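Reader: Please take one chain of this model and go through it closely. I would like its overall build, its parts and its contact with the neighbouring chain.

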Amino acid sequence: MSKRIEVNDLNVYYSKFLAVEGVSLTIEPRSVTAFIGPSGCGKSTFLRTLNRMHEVIPGARVEGEVLVDGDDLYGAGVDPVLVRRQVGMVFQRPNPFPTMSIRENVLAGVTLNNRRMSRSEADELVESSLQGANLWNEVKDRLDRPGSGLSGGQQQRLCIARAIAVSPDILLMDEPCSALDPISTLAIEDLIEELKKEYTIVIVTHNMQQASRVSDRTAFFNIAGTGKPGKLIEYDDTNTIFTQPSVQATEDYVSGRFG
Amino acid sequence: MSQLTAPPKTDAPAGAMPNSYATGRLPRFVPWTILGGSFIIMIAVFALFASADPEGGFNAPGTVFLSVVLYGIVIYFVARMIEGPRRAKDRLVTTLVTLAFVIALLPLVSLLSTVVLNGTARLDVTFFTNSMRNVVGEGGGALHAITGTLLMTGAAAIISIPIGLLTSIYLVEYGRGRLAQAITFFVDVMTGIPSIVAGLFAYTLFVIIFGPGIRLGIAGAIALAVLMIPVVVRSSEEMLRLVPNELREAAFALGVPKWLVVLKVVLPTSIAGLTTGIMLSISRVIGETAPLLVAAGYTNNMNYDLLEGRMQSLPVFVYSSYVSQGTEAQAYLDRAWTGALTLILIVMALNLLARFIARAFSPKLSR
């Protein structure tokens with residue numbers, strides 16, 4: 001289920017503005033990779049290029065290649081819709097569909113795509129996805145209630161359940177805990193630890209403790225100044241990044257001396 | 001109006017220190033006393049005027065208005081002396097805001113009460129079961145006008161809701177650059193079209209096809225649609241823009257194609273606002289007189305067929321009953337008022353329906 005991501009010399013533009021320049025890295029399957037760096041350095045932008053979500057923003061475009069198990073996401077004739085079915089995404093703010101119940105939210109990936117599913121299959125998928133997101137025990141008695149009635153942390157786990165219900169190969173998380181309290185954060189971090197067994201996970205975070213807790217490898221992004229493109233400064237094992245980084249800027253950032 | 005400025009309750013036990021935050025306030029009864037006092041003074045003043053000039057009679061609106069003005073002045077100075085300038089200004093502005101609200105409401109209440117009082121005289125079964133065919137004096141009804149209005153407005157809605165809705169979806173979800181800007185500009189221009197021009201447009205359109213003098217229900221419907229489309233586009237556009245982008249992104253991230261995102265996420269989320277907007281646009285055109293007079297003409301007869309012959313509508317019925325009063329003027333006037341009342345009732349029913357639909361479809365937020 002889980003796949004390797006290989007990025008070669010990727011540039012991201014917003015219209016004429018070069019937002020991210022020259023990123024090359026390889027993300028191993030069944031691992032957690034954290035992107036850290038100051039605000040505006042292009043972490044989220046880069047993350048979005050991994051499932052072509054940046055295309056939702058008018059004027060955004062990409063140069064270079066992103067290979068998922070050898071298939072170029074930006075090759076000719078690639079359908080972004082198909083890419084997004086393989087590469088799921090969880091956003092910074094929990095965003096359950098307000099018109100749908102908890103159950104419908106989990107099934108959204110199926111129903112929104114007009115796929116038919118028998119009642120028992122659907123029940124099974126709802127239960128397994130919610131189990132996978134550590135939410136089943138909290139919501140099993142109120143599956144028909146609106147998803148927006150849950151607490152923030154539960155909503156975020158609902159969104160994760162929704163993302164894994166379409167069984168993607170890769171799961172992208174854009175600061176999934178930044179709007180949550182420490183206990184919900186812990187719940188989600190435990191969840192990431194478990195999801196790692198099946199998925200390739202890429203997580204953007206501002207919280208360096210979180211990066212050191214959950215990730216196997218860490219990528220540090222930085223910008224030289226406003227208006228300059230963001231660059232990948234260093235990419236290494238999380239331990240190395242946090243204990244003996246090879247670049248001075250990384251050490252300054254992880255030790256809190258700037259940024 | 002003193003409720004907003006009422007001092008908080010001080011439940012201090014007897015003998016205890018008074019709450020220092022609650023001192024220096026006017027007791028709660030003072031504003032009401034001043035209001036009552038200024039009413040008594042003004043009633044006395046206007047009664048004097050009335051007795052000096054019996055022809056003029058007692059001026060009730062003037063009394064109310066000047067009483068409130070007097071109250072505003074008195075409460076300002078009283079509060080300034082006891083409570084200080086900040087509270088005084090607060091009380092003055094509260095008075096002004098309330099006064100503005102009452103003034104804004106007065107014409108509406110006056111209009112409604114006039115229509116109800118004058119319209120109930122003929123609000124009987126005959127009015128809703130008869131047309132005006134072969135009626136010269138009393139009796140007769142507006143069934144032909146009611147059906148005409150419903151048919152033409154319904155046809156206009158059927159034409160303009162899909163066009164307007166799809167246009168707004170294009171503008172919000174797909175439109176980029178020149179074309180979208182041009183559409184927005186022309187929609188704005190269309191919003192400003194005088195309704196008679198829309199009527200003339202529909203009339204000339206049908207003259208080209210059928211020759212001069214043609215009057216058809218469908219022509220009236222097209223005239224109304226021309227007026228309705230920009231309103232639908234504008235209101236739906238606003239509603240669709242209110243749908244958070246996060247929801248679209250959430251759906252995209254699940255690998256849902258764009259058209260399904262629009263159909264299954266954006267539209268259901270905004271359905272309440274869309275219905276309200278559409279109902280408001282119907283209310284906007286249902287009272288149009290001029291374009292219908294030009295395009296659909298005027299008749300005393302029942303006509304169910306949009307594609308054949310002239311068609312009466314309620315506004316035109318009211319207008320023509322008023323301008324061409326027959327031998328018994330009062331009968332015509334009564335019918336005109338009842339027609340107006342019926343129109344108001346129809347619009348009100350539509351708005352209630354819109355409320356109901358909006359409530360039934362709005363996103364569920366309860367726990």
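Author: Chain B has a radius of gyration of 28 Å, whereas a compact globule of 367 residues would have one near 21 Å. The radius is taken over C-alpha atoms, and the globule rule is 2.2 Å times the number of residues to the power 0.38. Along the principal axes, the C-alpha atoms of chain B fill a box of roughly 90 × 75 × 40 Å.

This is a predicted model, in which local features need pLDDT of at least 70, side-chain atom pairs count only at pLDDT 80 or more, and totals for chains, interfaces and linings use all residues. Residues are numbered from 1 along each chain as its sequence is written, while chains are lettered from A and ligands numbered from 1 in the order in which they are written.

The secondary structure of chain B consists of 13 helices and zero strands. Helices (H or I, at least four residues) and strands (E, at least two) are DSSP runs, numbered from the N terminus. Of the 367 residues in chain B, 36% are buried, a residue being buried if 20 or more other C-beta atoms, placed from the backbone, lie within 10 Å of its own.

An unreviewed UniProt entry annotates "transmembrane region" at several stretches of chain B, among them 91–121 and 216–233; such positions are given in the numbering used here, feature names are shortened, and annotations may be inferred rather than shown by experiment. Residues 91–121 of chain B are 94% helix and 0% strand, with end C-alpha atoms 45 Å apart. For residues 216–233 of chain B the span is also 94% helix and 0% strand, and the end C-alpha atoms lie 26 Å apart.

The domain assignment divides chain B into domain 1 (29–122) and domain 2 (129–361), with bounds from an automatic or database assignment. Their centres, taken over C-alpha atoms, are separated by 40 Å. Six residues from domain 1 of chain B and seven residues from domain 2 of chain B make the contact, two residues being in contact if their C-beta atoms, placed from the backbone, lie within 7 Å.

Towards the neighbouring chain, 22 residues of chain B are in contact with 27 residues of chain A. On the chain B side, α9 (245–253) and α10 (258–286) are the elements that give two or more residues. The largest share, seven residues, comes from α9(B). By class, this side of chain B has 13 nonpolar, three polar and six charged residues. Here Ala, Val, Leu, Ile, Met, Phe, Trp, Tyr, Cys and Pro count as nonpolar, Asp, Glu, Lys and Arg as charged, and the others, Gly among them, as polar.

Conventions
Buried ≥ 20, exposed ≤ 12 C-beta atoms within 10 Å, placed from the backbone.
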